[in-house]
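Here are a few notes to read with the structure open beside you. Take them one at a time, and find each part on screen before moving on.

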Amino acid sequence: MKSIETYSPRKLSEALRILSERREGIRVIAGATDIIVQVLERKKDPGALLNISYLDELRFIREDEGTVRIGALTTHREIERSPIIKKRGKLLAEAAFIVGSPQIKNLGTIAGNVANASPVADVVPPLMVLGSVLTLKSSSGERRIPIGEFATGPGATVMRPDELLIEISFPALRPDEISFYERLGQRRLLSISKVGVAFRARCAGKKLSDVSIALGAVAPRVITAPRTAAFLEGKEYSEEVAAEAARIVESESKAITDIRSTESYRNRMAGALLIRGFARVFQSFPG
Ligand SMILES: Cc1cc2nc3c(=O)[nH]c(=O)nc-3n(C[C@H](O)[C@H](O)[C@H](O)COP(=O)(O)OP(=O)(O)OC[C@H]3O[C@@H](n4cnc5c(N)ncnc54)[C@H](O)[C@@H]3O)c2cc1C
């Protein structure tokens, strides 16, 4: 195997300078759990590599005045265990728990999962319903874009070759909000998602408002389910309401048949996962 020229800067400013000089001729690696597979399968010839894993300034989880901020290099393991995320972004902790295996969770980063732009990425549906904003930085400036505008298709994003994704932020969940992430894989763990459903809403008693739903693995990129969300707006949760919401979400799912599953099964399972998530959340509610 030929050797690959690799840069391992210790400062973000140095990393951005290298990116701006090399542009298309260099690939960013963080935990390398996605990119190593692509390189080994020869889907990608990386040219040179920019290893950003030593940029400790990009490892943090904090809450500032109602906003949760997560540094790009934060691993799935750190997210899964973070008291801030468990309380203020609960469904994101649930998604991080599901990712891969302990080894993958210790290496794989949140920004790598987002930047890889896979429609099956587990942290993206939760980040969508949380209303996340991505901070992209280059040596010439910084811009912030909503996560829903980031991926344009499988493996394709609006990020420029001279930019790094440095931070992901979202409004912290409040005590009157409920959330869940449910996914179906071949196995519970160590399998790629066939369908993923993320849900967030305000909840007074069992009455839902400000509903947001995102679906993974049922379209070329993660999508929202606006008709299902509109149906649930202002409704009291009941098994009948959940069943009707499931029928609507199945019609919003745009699944395809591939090696992992069939179109009709995936669409049906989007509805089943919504019902399962509701049952999990509301089983602890009185009445
Ligand atoms: C066995 C196995 C099981 C897995 N299971 C799951 C699973 O259950 N769910 C799931 O969602 N994923 C899974 N994955 C995929 C992968 O582990 C995750 O997507 C992980 O979060 C990727 O992060 P990384 O840091 O390793 O990314 P890398 O492989 O280092 O990078 C991935 C892509 O993102 C780019 N990139 C990384 N960081 C940045 C940045 N800060 N700015 C700009 N570009 C950047 C890279 O250039 C590359 O294109 C699995 C992978 C393996 C090998």
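1. Let's start with the cavity. Keep in mind that this is a predicted model. By class, the lining of the largest cavity is made of 9 nonpolar, 2 polar and 1 charged residues.

2. Which residues are these? The lining of the largest cavity includes V114, A117, P119, V124 and M128. I147, F150, A151 and V222 also belong to the lining, as do S118, G148 and R221.

3. What volume does the largest cavity have? It comes to about 120 Å³. The structure holds 1 cavity of 30 Å³ or more. As background, rolling a probe the size of a water molecule over the atoms shows where empty space is left.

4. Now turn to the sheet. It is an open one of 5 strands, with antiparallel pairing, and its order reads β4-β5-β10-β6-β7. Because β4 (61–64) and β7 (141–146) stand at the edges with a single partner strand each, one side of each has no neighbour in the sheet. From one strand to the next, the twist averages 25°.

5. Next, look at one pair of strands within this sheet. Strand β6 (residues 133–138) and strand β10 (residues 164–171) run antiparallel and are joined by 5 bridges. Which residue stands opposite V133 in β10? That is S169. In general, strands of a sheet pair through backbone hydrogen bonds, either parallel or antiparallel.

6. Helix α1 (residues 12–22) lies across β6 and β10, and α1 runs at about 125° to β10.

Methods:
Residues are numbered from 1 along each chain as its sequence is written. This is a predicted model: local features need pLDDT of at least 70, side-chain atom pairs count only at pLDDT 80 or more; totals for chains, interfaces and linings use all residues. Side-chain values use heavy atoms; hydrogens and water are left out. Two strands pair if DSSP finds at least two bridges between them. Helices (H or I, at least four residues) and strands (E, at least two) are DSSP runs, numbered from the N terminus. Axes are lines fitted to C-alpha atoms, for helices over the stretch in contact, and angles run from 0 to 180 degrees between N-to-C directions. Contact means heavy atoms within 4.5 Å. On a 1 Å grid over the protein atoms alone, a cavity is a set of points where a 1.4 Å probe fits but cannot get out, and a pocket is an open set with protein on both sides within 12 Å along at least five of seven lines; lining residues have an atom within 4 Å of a point. Grid points are joined across faces, edges and corners, and a volume is the space filled by probe spheres set on the points. Ala, Val, Leu, Ile, Met, Phe, Trp, Tyr, Cys and Pro count as nonpolar, Asp, Glu, Lys and Arg as charged, and the others, Gly among them, as polar.
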